[in-house]
Amino acid sequence: MAERDRSSLLGLLLDHYEEMTGHLARRLGSLCLAEDVVQDTYLRLRSLTALPEIDNPRSYLYRMADNIALDRMRAETRRGRRFAPAELGFDRPLDEPDAEATLEHKQRLERLSRALDELPPRCREVFLLHKFDGLSHADIAARLGISRSMVEKHVMKALAHCRDRLAL
């Protein structure tokens, strides 16, 4: 890529800095995040080794910034930390489940609880130690004085039972 093309794009980015930051702030809901995305756009431009043929440099910059913003939003959502910006006065997650989803989750938990209650006591105990307390099969076997193979059988039986009951 010609250094002149890179310099031209970087200059264009600087010329449209405030406009681009405003655009991204509206999209992200935060001026601070928008400024970070514009900075990341600058860094990405600086690191490009090859530049495609560009018909509209301004659109190219905006598309690059929008893609970086989208990547950030997806990463935050995956981490479960997508919160509304403090400057808007919100202190709750943006993707709060609606009443219908909350009811559905509650009903599912009730079905799971009933399914666990249907299990034989030892099988339920092994399953809960493994899935909810996070103990390994070897730790459960040592704690309960049973073989590791028996722990695996109990876990598999409980999983199959819960799967069947939750599928209803």
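User: A crossing is left-handed if the near helix is turned anticlockwise from the far one by less than a right angle, and right-handed if clockwise. This is a predicted model, where local features need pLDDT of at least 70, side-chain atom pairs count only at pLDDT 80 or more, and totals for chains, interfaces and linings use all residues. Residues are numbered from 1 along each chain as its sequence is written, and side-chain values use heavy atoms, leaving out hydrogens and water. Is the crossing of α7 and α8 left-handed or right-handed?

Analyst: Helices are DSSP runs (H or I, at least four residues), as are strands (E, at least two), and both are numbered from the N terminus. Helix α8 spans residues 148-166. The way α7 passes α8 is right-handed.

User: How do α7 and α8 lie to each other, roughly parallel or roughly perpendicular?

Analyst: Axes are lines fitted to C-alpha atoms, for helices over the stretch in contact, with angles from 0 to 180 degrees between N-to-C directions. Angles under 35 degrees are roughly parallel, over 145 roughly antiparallel, 65 to 115 roughly perpendicular, and the rest oblique. The axes of α7 and α8 come within 8 Å and cross at roughly 110 degrees. The two are therefore roughly perpendicular.

User: Which residues of α8 meet α7?

Analyst: Contact means heavy atoms within 4.5 Å. From α7 come H137, A138, I140 and A141. In α8 they meet R148, V151, E152 and V155.

User: How many helices does the protein have?

Analyst: Its elements run α-α-α-α-α-α-α-α from the N terminus on. There are 0 strands. The count of helices is 8.

User: What share of the 168 residues is buried?

Analyst: Buried means under 20% relative accessible area, exposed over 50%, and partly exposed in between (1.4 Å probe, protein chains only). Of the 168 residues in the protein, the buried share is 30%.

User: How do α2 and α3 pack: roughly parallel or oblique?

Analyst: Helix α2 covers residues 17-28 and helix α3 residues 31-47. Their axes are 8 Å apart, at an angle of about 125 degrees. That angle makes α2, relative to α3, oblique.

User: Which residues of α3 make the contact with α2?

Analyst: α2 passes α3 in a right-handed crossing. On the α2 side are Y17, M20, T21, L24, A25 and L28. On the α3 side are L31, L33, A34, E35, V37 and V38.

User: How far apart are the C-alpha atoms of L31 and T21?

Analyst: L31 lies in helix α3. L31 counts as partly exposed because its relative accessibility is 47%. L31 and T21 are 10 residues apart along the chain. Their C-alpha atoms are separated by 7.1 Å.

User: Which residues does R58 touch, not counting those up to four places away in sequence?

Analyst: R58 sits in helix α4, residues 57-78. With a relative accessible area of 34%, R58 is partly exposed. M20 is 38 residues away in sequence and 10.0 Å away in space, C-alpha to C-alpha. R58 touches L12, H16 and E19.

User: Is L129 buried or exposed?

Analyst: L129 is placed in helix α6, residues 121-131. Leaving aside neighbours within four places in sequence, L129 is in contact with G134, L135, I140, R143 and L144. The relative accessible area of L129 is 8%, so L129 is buried.

User: Which residues of α7 make the contact with α6?

Analyst: The axes of α6 and α7 (residues 137-144) come within 10 Å and cross at roughly 135 degrees. The two helices are therefore oblique, and their crossing is right-handed. α6 brings R122, E125, V126, L129 and H130 to the contact. α7 brings H137, I140, R143 and L144.

User: Which residue forms an aromatic pair with F127?

Analyst: Rings of Phe, Tyr and Trp (its six-membered ring) pair if their centres lie within 6.5 Å; planes under 30 degrees apart are stacked, over 60 edge-to-face, and the rest tilted. The count is 1 aromatic pair. That pair is edge-to-face, at 6.4 Å centre to centre and 75 degrees between the planes. The partner of F127 is F132.

User: Where F127 is concerned, what is its relative accessible area?

Analyst: F132 is exposed, at 53% relative accessible area. F127 is buried because its relative accessible area is 6%.

User: How far from C162 is the nearest cysteine sulfur?

Analyst: A disulfide needs a pair of cysteine sulfur atoms within 2.5 Å. C162 is buried, at 5% relative accessibility. The whole structure holds 0 disulfides. C162 is in none, and the nearest cysteine sulfur, that of C123, lies at 8.5 Å.
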